[in-house]
Amino acid sequence: MTIQPHLSFSISEDGIIGHGDFKYKIDAKWGNLDPEKTPVKNCHEMVMDKKGRLIMVTDEARNNIIIYDQSGQLLESWTLGLEAAHGLTLVEEGEEEFLWIVDNGGRVIKTDLQGNIVDEIASPIKEGIYEKGMRYTPTETAVAPNGDLYVTDGYGSQFVLQYDKNGKFVREFGGDGHGDAQFKTVHGIAVDQRKDGTPTLMCTSRGHNSFKRFTMEGEYLETIFLPGAFVCRPVIHGQNLYAGVCWSRTKYLEQMDNSGFVTILDQNNRVVSNPGGTAPVYLDEKLQLMVQEKPIFKHCHDVCIDQDENIYVCQWNAGKTYPIKLIRV
């Protein structure tokens with residue numbers, strides 16, 4: 001039996017990372033499993049169900065879904081045989097919970113928590129929504145309070161596609177470009193109701209080092225610029241927004257490998273902490289460049305926040321390692 005090696009850090013595992021009121025102790029051993037029995041390639045995303053179980057999606061076709069308890073013990077795993085499973089969204093409908101799983105191969109699938117497929121969104125290419133020659137490589141979903149589904153084409157044509165609760169196409173918005181209402185890698189999306197309860201869409205534009213906010217009808221509202229941080233999907237928890245940073249600009253102006261960290265924004269979308277990264281600094285109300293400070297992480301792809309505000313960090317391209325837990329102190 002080969003046991004997954006633990007990560008080695010430049011600081012001790014008792015070291016505290018983060019800034020201000022958001023500081024954490026690292027638990028690098030959390031969630032380590034036997035890779036021969038429960039292998040992973042990339043730990044892409046994680047959500048927590050109402051039982052407090054942590055559900056993670058991987059692109060390992062032998063077990064696309066791994067379910068942990070909060071101590072890091074394996075509860076169960078199952079698969080749809082997907083080799084590019086990437087996005088994971090939990091939605092509650094009445095007393096039941098469902099998962100939307102996005103595969104970069106072009107599938108957007110709805111399952112129950114036992115892995116039974118209950119719905120699937122057809123490709124916009126097959127449906128004639130996209131013109132001939134347009135690329136479709138979806139990355140993420142979000143579900144609105146009214147049941148509408150939003151799909152980000154983050155590795156494809158850079159649109160957000162909106163469907164009603166019955167799966168009927170409503171509209172598309174965004175597209176590839178450098179305009180305020182356009183995207184460069186619309187990797188993730190979340191429904192944000194932090195301000196006054198009114199839902200808006202927080203969308204990633206990773207190549208722009210930013211999140212962009214839209215109305216639920218796809219009208220551009222604002223950009224939250226995060227210089228240096230190639231962010232993945234926004235995760236809303238309470239009044240804060242959390243995100244994994246897949247790369248930062250540790251040298252010159254380009255993204256550098258193995259330079260990830262976690263970033264946390266307050267209800268006003270000001271960065272308050274960067275676990276693993278440099279402290280956020282504002283000069284004349286402008287956020288300054290943020291980069292990795294300690295080589296704790298390689299490429300942070302997603303975070304999940306539990307009821308105690310601990311953070312579970314999923315990584316892409318990190319040597320097939322399991323998630324890292326950050327215990328809030």
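# Briefing on a predicted model

Apart from neighbours within four places in sequence, aspartate 69 is in contact (heavy atoms within 4.5 Å) with Trp30, Leu54 and Leu75. The structure is a predicted model, in which local features need pLDDT of at least 70 and side-chain atom pairs count only at pLDDT 80 or more, while totals for chains, interfaces and linings use all residues. Residues are numbered from 1 along each chain as its sequence is written, and side-chain values use heavy atoms, with hydrogens and water left out.

**Confidence**

- The protein has a mean pLDDT of 95, and 95% of its residues reach 70 or more; pLDDT is the predictor's confidence in each residue, from 0 to 100.
- Over residues 1–13, pLDDT stays under 50, and the model has 35 contacts beyond four places in sequence for this stretch.
- Where pLDDT is low, the predicted coordinates should not be read in detail.

- Aspartate 69 is found in the loop between strand S5 (65–68) and strand S6 (74–78). Strands (E, at least two residues) and helices (H or I, at least four) are DSSP runs, numbered from the N terminus.
- Aspartate 69 counts as partly exposed because its relative accessibility is 24%. Buried means under 20% relative accessible area, exposed over 50%, and partly exposed in between, with a 1.4 Å probe and protein chains only.
- The side chains of aspartate 69 and serine 71 are joined by a polar contact of 2.7 Å. A polar contact is a pair of N or O atoms within 3.5 Å; within protein, one must be able to donate a hydrogen and the other to accept it, and residues adjacent in sequence count only if both atoms are side-chain atoms.
- Aspartate 69 and leucine 54 are 15 residues apart along the chain, and their C-alpha atoms are separated by 6.1 Å.
- Isoleucine 67 has its place in strand S5 and is buried, with a relative accessible area of 1%.
- Not counting residues up to four places away in sequence, isoleucine 67 touches Arg53, Leu54, Ile55, Gln73, Leu74, Leu75, Glu76, Trp78 and Leu113.

- Four strands form an open sheet in the order S7-S8-S9-S10, with antiparallel pairing; two strands pair if DSSP finds at least two bridges between them.
- Strand S7 (85–93) and strand S10 (117–121) are the edge strands, each pairing on one side only.
- From one strand to the next, the twist averages 20°. Axes are lines fitted to C-alpha atoms, for helices over the stretch in contact, and angles run from 0 to 180 degrees between N-to-C directions.
- S7 and S8 pair in the antiparallel sense over 8 bridges, and glutamate 93 stands opposite glutamate 96 in S8.
- The hairpin of S7 and S8 has 2 residues between the strands, and glycine 94 takes a positive phi near 65° there.
- Strand S8 (residues 96–103) runs antiparallel to strand S9 (residues 107–112), and 6 bridges join them. Phenylalanine 98 stands opposite aspartate 112 in S9.

- Most residues other than glycine have a negative phi.
- Glutamine 158 has a positive phi near 70°; this residue is found in the loop between strand S12 (149–152) and strand S13 (159–163). Glutamine 158 is buried, at a relative accessible area of 7%.
- Asparagine 317 is not a glycine, yet its phi is positive, at about 50°. Asparagine 317 lies in the loop between strand S28 (311–315) and strand S29 (324–328) and is partly exposed, with a relative accessible area of 39%.

**Glutamine 292**

- Glutamine 292 sits in the loop between strand S26 (286–287) and strand S27 (300–305), and counts as buried because its relative accessibility is 15%.
- The side chain of glutamine 292 reaches the backbone oxygen of asparagine 258 at 3.2 Å.
- Beyond neighbours within four places in sequence, glutamine 292 is in contact with residues including Ser248, Thr250, Gly276 and Phe297.

**Cysteines**

- The count comes to 0 disulfides, a disulfide being a pair of cysteine sulfur atoms within 2.5 Å.
- Cysteine 232 is in no disulfide, and the nearest cysteine sulfur, that of cysteine 246, is 4.5 Å away. Cysteine 232 counts as buried, at 0% relative accessibility.
- For cysteine 314, the closest cysteine sulfur is in cysteine 43, at 5.8 Å, too far for a bond. Cysteine 314 also counts as buried, at 0% relative accessibility.
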